[in-house]
Amino acid sequence: MADQSPADQTPTSTSMQSLSINSQPSSSSSSSPTPQLSVEERFRIIRSVGEECIQEDELLNLLTHKPEPICYDGFEPSGRMHIAQGVMKTINVNKLTSAGCRVKIWIADWFAQLNNKMGGDLKKIKIVGQYLIEIWKAVGMDLNGKVEFLWSSDEINSRASEYWPLVMDIARRNKLPRIMRCCQIMGRSEQDELSAAQILYPCMQCADIFFLKADICQLGMDQRKVNVLAREYCDDIKRKNKPIILSHHMLPGLQQGQEKMSKSDPSSSIFMEDEEAEVNVKIKKAYCPPQIVQGNPCLEYIKYIIFPWFNEFKVERSADNGGDKTFKNFEELVSNYESGELHPADLKPALSRALNKILQPVRDHFNNDAKAKDLLKRVKSYRVTK
């Protein structure tokens, strides 16, 4: 667009790589080059990213024959970024690049428009997409030349003759009920009244995998159905090398019974630029029943965010309540919590402190960088649409 202001322009890869990161994750999630890793070590690191892997033997074979596999993940720019998208994704990407992978992050602006996010306003969607990139830069995603941010509209337009025949072939080979079973990827259900655009969406997302030449689909468990569709398509076209599905865990919402975070419900999640006081209040109000581990979102945050980031969890408490304690692994924490030795009144403030330490560089970036500050102001002004 010729009349774009600087805030409306997509950052170049050079400018993204030159930005200094003030706070990096711990060595467990850092992606410093480690060419000496064996295939088995690389497999262990990559496999640790996923709650499920389809198939492990294929992953091991891929790593044996390809030094730099291509991983892909995609995001609809649909509103403010919650901590799972921001911190968990950074942890996972840094693990993947440390194990030799190249990561393509698909900023799915056209997909957000198809799914009526931001009311289908593509200009707003692009602003949100730029905001997502600023978050990942600020929180510590290791942009060492192995991570690419790709805008779906730009990439598809530049190679339309390659993309659209692929979408059409996938659509032609699948019945409508099979495509509708993929509606979960859009946050929809088969019972919803879907637009024609939302029927097109799964065919396009399936095509993305082949269009991006992805060896590994590293998305959430909620995207599993369309990734399986891609493997089925390989059977249809007699393609031997299928994309490997590496599905990461989905963090629940903070309230009881919330299976996943929701951008339309601010109380359900921590947002990446939440102020310290907001984080404290949300964690204080979070569901955290004493001695109950199953379905406890606070413990999930500790398992999937705090331990991977810091390699430990520090609890500060009075001597009367057992004194300060540093947990070195999640199993030890669970044992203490189930026995009642660790109480929610001590766990919650410790969780808040750890989260705020991770998020502070993001707050600093959005407070001190004029472009980032303007992006956040715009994104906060937009109404989230489903």
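Student: Let's start with the strands. How many bridges join E2 to E5?
Tutor: Two bridges join them, and the strands E2 and E5 run parallel. Keep in mind that this is a predicted model.
Student: Which residue in E5 is the bridge partner of Cys-71?
Tutor: That's Ile-216. Cys-71 also stands opposite Val-103, which belongs to E3.
Student: In which sense do E2 and E3 pair?
Tutor: Parallel, over six bridges. E2 covers residues 70-75 and E3 covers 102-107. Going from E2 to E3, the chain passes through helix H4 (residues 83-98), and this β-α-β crossover is right-handed.
Student: How many of the residues of E2 are buried?
Tutor: Five of its six residues, so the strand is mostly covered.
Student: What goes on at the start of H6?
Tutor: A side-chain oxygen of Asp-121 comes within 3.1 Å of the backbone nitrogen of Lys-123 there. Just after the helix, Gly-140 takes a positive phi of about 120 degrees.
Student: Which residues other than glycine have a positive phi?
Tutor: Lys-213 is one of them, with phi near 55 degrees. Asn-311 also has a positive phi, about 65 degrees, although it is not a glycine.
Student: Where is Asn-311 found?
Tutor: In the loop between helix H13 (297-310) and strand E7 (313-315). Asn-311 is partly exposed, with a relative accessible area of 37%.
Student: And where does Lys-213 lie?
Tutor: Lys-213 is in the loop between helix H10 (196-211) and strand E5 (216-217). Its side chain meets that of Glu-162 in a salt bridge, at 3.6 Å from N to O. Glu-162 sits in helix H8 (residues 160-172), so the pair ties together parts that are 51 residues apart in sequence.
Student: Is Glu-162 buried or partly exposed?
Tutor: Partly exposed, at 34% relative accessibility.
Student: How many salt bridges does the count come to?
Tutor: 22 salt bridges. One of them joins Arg-172 to Asp-169, where the closest N and O atoms are 2.7 Å apart.
Student: Where do Arg-172 and Asp-169 lie?
Tutor: Both are in helix H8, three residues apart, which is about one turn of the helix. Arg-172 counts as exposed at 61% relative accessibility, whereas Asp-169 is buried at 15%.
Student: What about Lys-282, which residue does it form a salt bridge with?
Tutor: With Asp-274, and the closest N and O atoms are 2.8 Å apart. Lys-282 is buried at 15% relative accessibility, and Asp-274 is buried at 1%.
Student: Which residues are linked with them in a network of salt bridges?
Tutor: Arg-80 and Glu-273 are linked with Asp-274 and Lys-282 in that network.
Student: Okay, rings now. How many aromatic pairs does the structure hold?
Tutor: Nine aromatic pairs. In one of them, the ring centres of Tyr-163 and Trp-164 are 5.0 Å apart.
Student: Why is the pair of Tyr-163 and Trp-164 called edge-to-face?
Tutor: Because the planes of Tyr-163 and Trp-164 are at 85 degrees, and planes over 60 degrees apart count as edge-to-face.
Student: Are Tyr-163 and Trp-164 buried or partly exposed?
Tutor: One of each: Tyr-163 is buried, with a relative accessible area of 0%, while Trp-164 is partly exposed at 30%.
Student: Last topic, peptide bonds. Which residues does a cis peptide bond join?
Tutor: Ile-54 and Gln-55, with omega about 0 degrees. Gln-55 has its place in the loop between strand E1 (52-54) and helix H3 (56-65).

Definitions and conventions:
Residues numbered from 1 in each chain as written. Predicted model: local features only at pLDDT ≥ 70, side-chain atom pairs only at ≥ 80, totals over all residues. Heavy atoms only, no water. Helix = DSSP H or I, 4+ residues; strand = E, 2+ residues; numbered from the N terminus. Buried < 20%, exposed > 50% of the residue type's maximum accessible area, 1.4 Å probe, protein only. Salt bridge = Lys/Arg side-chain N within 4 Å of Asp/Glu carboxyl O. Polar contact = N/O pair within 3.5 Å; in protein donor to acceptor, adjacent residues only side chain to side chain. Pairing = 2+ DSSP bridges. Right-handed = clockwise from strand over helix to strand, strands pointing away. Phe/Tyr/Trp six-rings, centres within 6.5 Å; stacked < 30°, edge-to-face > 60°.
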